[in-house]
Amino acid sequence: MKVGLIGHQGSGKTTIFNALTGLHAELGQGEKMESHLGVTKVPDTRVDRLAAIFQPKKTTYAEIRFTDFPASQSKEKLKANAALLAQMKDVDAMALVLGDFDGASEPLKELRGLLIEMILADLGVLENRLGRLKKEKGREREGEVLARCLQTLEGEESLRRLSFSADEEALLAGFGFLSRKPVIALFNVAEERAGKELPDAYKAELEKLKLPGLYLSAKVEMEVAQLDEKDRQAFLGELGIVEAARDRFIRASYALLDLISFFTTGEDEVKAWTITRGTVARKAAGKIHSDIERGFIRAEVVAYDDFIRYGSEAKCREAGKLRLEGKDYLVQDGNIIHFRFNV
Ligand SMILES: Nc1nc2c(ncn2[C@@H]2O[C@H](COP(=O)(O)OP(=O)(O)OP(=O)(O)O)[C@@H](O)[C@H]2O)c(=O)[nH]1
Ligand SMILES: [Mg+2]
């Protein structure tokens, strides 16, 4: 999964990026137009348990890839920066970083501003395409769905609020519209507020916008991320923070994107794979390799809880807990799967 961090200059994007990835990217970059890339593994005690049982050569957790984008740009600048726009289209979700630590900032206004910027960026892309579409024949379906998008964007509303049929989705997939991406608001607050709940005014605004939000102190969390595990819990406790921002953020993103994990196991590797809920077995196989998707025969599935209860795949089989599933089986969170395929 790929998540982009965007926000105003000095809102704390890079500080949060460092907190989430444990990296040491340079703060206060200002006008520099560089993005930072980093990866964090998704902690999962189920993977730990499976690794303890299989003792594999390699253990691989699911990953989130972060891009820390340069400070938000004017529409003109963004339009001129094709590389940056392409990078933004590529992420699965956006975290909007809102500076809220100096008392003078207006984070809710900033939030609305960023949402408008995403809308304007999409409007630019859409107008461009509609202009060219006039000269093409046999594109009526695309014209129709884009007209619907245009109306929404012109009303300064995000495309997120529209729903589309499967074939409309297919027509829209290539555009990578920013205002269709799931969004989470990160309020970067001063240390004293780090462990507190969001104020009512924030909750009300988020509810209106239908967005999830988190309070976190970027500065503290960056320090936390740079401690070792042992000191970390004590430090968080002192500050009244129950769970490090990284873990809270990962949990919120999984819920937001409706993500689940399935596992592959063996002597070589125990590995967690991330998919969206509702993915069929054959598609899930394609995550591992396109050959397995193409030559799919069946999936042999054990639920994680059954595996732990019975202790081995052989015992699960005896107890009737190993199921043979076809290509259209909806993979469930925690499934341990062996794919049978033929190429
Ligand atoms: N007091 C305080 N300062 C912060 C906090 N977060 C960031 N800062 C300061 O704000 C400055 C900018 O932080 P960055 O994380 O670099 O912000 P950014 O959004 O990446 O900034 P640009 O890349 O320039 O757009 C740094 O000097 C930080 O020390 C915070 O939670 N509390
Ligand atoms: Mg920065």
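User: How far does a polar side-chain atom of T14 lie from an oxygen atom of ligand 1?

Analyst: Start with pairs of N or O atoms, which count as polar contacts within 3.5 Å. This is a predicted model, and in it the T14 side chain places a polar atom 2.7 Å from a ligand 1 oxygen. T15 has a side-chain N or O atom 2.4 Å from an oxygen of ligand 1. G10 takes part through its backbone, where a polar atom is 3.0 Å from a ligand 1 oxygen.

User: How much of the accessible area of ligand 1 does the protein cover?

Analyst: Here one compares the ligand alone with the ligand in place. On its own, ligand 1 has 640 Å² of accessible area, and the protein covers 78% of that.

User: Which residues around ligand 1 come nearest?

Analyst: The shell is read as a list of residues. There are 18 residues around ligand 1, and those that come nearest are K13, T14, T15, G28 and G30.

User: Which elements give two or more residues to that shell around ligand 1?

Analyst: Three entries are to be located in the view: α1 (13-21), β6 (183-189) and α9 (218-225). The largest share, three residues, is from α1. Sorted by class, the shell holds eleven polar, five nonpolar and two charged residues.

User: How do the residues lining the largest pocket divide by class?

Analyst: The lining of the largest pocket has 14 nonpolar, twelve charged and five polar residues.

User: How many cavities of 30 Å³ or more does the structure hold?

Analyst: A cavity differs from a pocket in that a probe fits inside but cannot get out. The structure holds one cavity of 30 Å³ or more, and the volume of the largest cavity is about 30 Å³.

User: Which residues line the largest cavity, and of what class are they?

Analyst: The lining consists of V3, A93, M94, A95, P182, I184, F249, S253, L256 and L257. Both β5 (93-100) and α11 give two or more residues to this lining, and the largest share, four residues, is that of α11. By class, nine lining residues are nonpolar, one is polar and none is charged. The helix α11 also gives two or more residues to the lining of the largest pocket.

How values were computed. Residues are numbered from 1 along each chain as its sequence is written. Chains are lettered from A and ligands numbered from 1 in the order in which they are written. This is a predicted model: local features need pLDDT of at least 70, side-chain atom pairs count only at pLDDT 80 or more; totals for chains, interfaces and linings use all residues. Side-chain values use heavy atoms; hydrogens and water are left out. A residue is near a molecule or strand if one of its heavy atoms lies within 4 Å of it. A polar contact is a pair of N or O atoms within 3.5 Å; within protein, one must be able to donate a hydrogen and the other to accept it, and residues adjacent in sequence count only if both atoms are side-chain atoms. Accessible areas come from the Shrake-Rupley method with a 1.4 Å probe; for residues, only the protein chains shown count as cover. Ala, Val, Leu, Ile, Met, Phe, Trp, Tyr, Cys and Pro count as nonpolar, Asp, Glu, Lys and Arg as charged, and the others, Gly among them, as polar. On a 1 Å grid over the protein atoms alone, a cavity is a set of points where a 1.4 Å probe fits but cannot get out, and a pocket is an open set with protein on both sides within 12 Å along at least five of seven lines; lining residues have an atom within 4 Å of a point. Grid points are joined across faces, edges and corners, and a volume is the space filled by probe spheres set on the points.
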